[in-house]
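Hi everyone, thanks for coming. Let's take a short tour together, and do keep the picture in view as I talk.

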Amino acid sequence: MPIELPARARVVIIGGGVIGTSLAYHLGQAGWSDVLLLERDRLTSGTTWHAAGLMTTFGSTSETATGLRLYSRDLFARLEAETGVATGFKAVGLIEAAADHDRLHEYRRVAAFQRRFGLEIHEIGPGEMHDLFPLATTDDLAGGFFVPGDGRVNPVDLTMAYARGARQHGVRIIEGVPVRSVLTRPAGRGEQVVGVRTAAGDIEADVVVNCAGMWARELAAQNGVVVPNQAAEHYYLITEPIPGLSPDTPVFEDPAAHGYYREEGGGLMVGLFEPRAAAWQVDGIPQDFSFAQIPPDWERMGPYVERAMSRVPVTLTAGIRTFFCGPESFTPDLLPAVGPAPGVTGYFVCAGMNSVGILSSGGWGRVLAEWITTGDPGVDVTAVSLDRFRTYQLDARYREQRTAEILGTVYAAHTPGIVLTSGRGIFRSPVEDRMRAAGAYLRDVSGWESADWYAGPGHTAQVEPGWGPQPWFAQWQAEHEAVRTRVGLIDMSFMSKWRVRGPGAGAALDWLSAAAVDGKEGVITYTQWLDDAARLQADLTVTKLATDDFLVVASDTAYGHVAAMLQAGVGQRAIEVDDCTTAWAQFAVQGPNSRALLATLTDADLSHAGLPYRGARRLLLAGVEVLLVRVTYAGELGYEIYLPVSDALPVWDAIVLAGHDFGLALYGLKALASLRLEKGYRDYGHDIDNTDGVFEAGLGFVVALEGRDFRGRAAARLAKKAPARRRIVQVLLREPEPLLFHAEPVLRDGEFVGYIRAASYGWTLGAAVGLAMIEAPDQVTTDWITAGSWHVEIADRRVPATISLRPLYDPTSARVRDTGTVS
């Protein structure tokens, strides 16, 4: 009997796994009943049906991820009462084992963070771990943590509960209907969704959501949308029944042994996350792959299986009932692909769950439903937004190699200093060889090789991961101090760059920008791009080169988001938007001697009068025409140099040669971070994000409210008048030894008021320094800050701290605005 499809639906969801059904349920709850979910086979038939069913909240230092997991866990516990369908959720508890002191320190940091968001978690010793899970050998472990509210859930039952809940709200779910493509029409400089084409006919729709799991990449690629998720082998085994094993036995995880363990049918499930994984079906997932398994690779997996089973010795003799291998999909950075597709209005994606789809399904369903219905996800999505991906990440070889490595990090220790080695060197700086010759420790920056720090010519930079001070800190400190006291040179060619030209270019950029950017020629303007609620969407600079000619520069991680906003902002006007990210090199010369150094390479007037702060001029530097901009991200007198990559090498060499007389040092990203954090400079996606209002972020000084209109202006007017209950502040530890990294709770009079979003060591200030968003009951003011006693919680101790709304280094920016003459 042919399947009858509706001619139209407001929203079409593609994929009937746990994510698609959760979204359907949450859209229905939001009052959007005109929703159609299409599943190519039967619900759960892709990867959901064979998921391990862990419901574990422990392990994240992301506020977003922690909130999603806690919401999901709470939802699982009440969904049966609402829908009449059991989810199989059982709060048996989670034991997280730390095999060594590095992991123990990491978990203490995680626990300190997650406790502040409501997670009940207890540190326990090896003996207590054995009491809770007697089958495991624990005497060789350093310690562990117990989360009593965590446990297990049945993935199939959970999906059916979501589906029942969605139907109760009027959502229609149809199985056995494969979606062949998403239909669009031209709209502005992009496309607009108009529906889907299925094996049973076309359906009109305003919104289409790709929840196709491991098929999401291929479906999205048809519309030019980049979703570089890749399926990989995932293994678990189930033993024969073990006498005395209770269904209430806690879940046990020992990442160092590559294993997780939970009761299943009277036996134990032993799941694996091996350190070197294997991608599956890189060329494409078969469309008819349903409720199926992958032939296991015993030769590759044997040692990992043996190590995992040895943690619970009874599994070695209990007999194996099932040895299972099935696919799960992973992204290049181990974060999900969520949100609207750049350039295709009405196209959303929620895929690439990286083996945490079940336990975060409720949260992602809620967030995406809010995003679709209101335009606001309600949480920080800078790390997961779809526009972070680049087209090179679709390459088959890249996906194969990166998936094998990134999956191996799931159970690896997350000690600072660990870097990925696959998928490197996609883009090439014109001075990469020079950096290598200078002993650079190179790391990946959005496909570029960039210097983190320099060991010096003739030396090989080496890093040993660790939580404490490292031998190379001396080089980092020397680079930092060189910029503060003399002059430094850094390659920043990885920055995102666009040339925007044509009639109306200034007006379009002025509309996008909170600051007035269409003013005098030869001026660079620091600005934010806001949403309608005056929350941050981008943080960048706009340089007016000439009438109707602008240069837009943003961070490397903001590339896709800014590009999409630019295209939408210029619309169909006769404005050219040229991506010159890889065509133009970008160098920064920073420090009190920077003016004097550059003056030896040009006849142009570099005095304060000739090139004031925020000035931009075309001139000859070392005989090459460049754009020289007086601006800094280090908090010193400084300049940025833009020029074609073909001319870049001789200019770099000339600066290095001339720099010998001025104490020039090459410096890397570690020093750039410590310099900018001492000055309190922001970095979108790290210490500021889409949940922050522009005034909350301490960036109100940029906003030009009068004499012009811009996106978010009305909301910005109101925000400026309102008391600021949230504010970004600078945090400086009062002890020189402890280090800050990220996600350390900030306490006022012993009460949690926020956490460190980004941090470094402040070599000039003499201690670790960071930026934190804090909240006050009424208003964050200098008096409220001064009246409190402040500490930062680092693992298992509280360290006294100084809190400031103003930069602790050069608060008046006198060094940045240096008006001295060229000597």
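Before we start, one term: a residue is called exposed when its relative accessible area is over 50%, and buried when it is under 20%. Please also keep in mind that this is a predicted model.

Let's begin with helix H17, residues 713-721. Which residues of H17 are buried? They are Arg-713, Ala-715 and Ala-716. These residues cover an arc of only 155° around the axis, so they sit on the same side of H17. On the face turned away from that buried side, we find the exposed residues Ala-714, Leu-718 and Lys-721.

Next, a pair of helices. H5 covers residues 155-168 and H8 covers residues 357-374. Their axes lie 11 Å apart, and the helices pack at an angle of about 15°. H5 and H8 are therefore roughly parallel to each other, and H5 passes H8 in a left-handed crossing. Who meets whom? From H5 come Pro-155, Leu-158 and Tyr-162, and from H8 come Ile-358, Ser-361 and Gly-362. Of the residues in this contact, four are nonpolar, two are polar and none is charged.

My last stop is Cys-211, in the loop between strand S11 (201-210) and helix H6 (216-221). Is Cys-211 buried or exposed? Its relative accessible area is 7%, so Cys-211 is buried. Leaving aside residues up to four places away in sequence, Cys-211 touches several others, including Ile-13, Gly-20, Leu-23 and Cys-350. Val-226, 15 residues from Cys-211 in sequence, is 14 Å from it in space, C-alpha to C-alpha.

That's my tour, thank you!

Notes:
Residues numbered from 1 in each chain as written. Predicted model: local features only at pLDDT ≥ 70, side-chain atom pairs only at ≥ 80, totals over all residues. Heavy atoms only, no water. Helix = DSSP H or I, 4+ residues; strand = E, 2+ residues; numbered from the N terminus. Buried < 20%, exposed > 50% of the residue type's maximum accessible area, 1.4 Å probe, protein only. Contact = heavy atoms within 4.5 Å. Axes fitted to C-alpha atoms, helices over the stretch in contact; angles between N-to-C directions. Parallel < 35°, antiparallel > 145°, perpendicular 65-115°, else oblique. Left-handed = near helix turned anticlockwise from the far one by under 90°. Nonpolar A, V, L, I, M, F, W, Y, C, P; charged D, E, K, R; others polar. Arc of directions from axis to C-beta.
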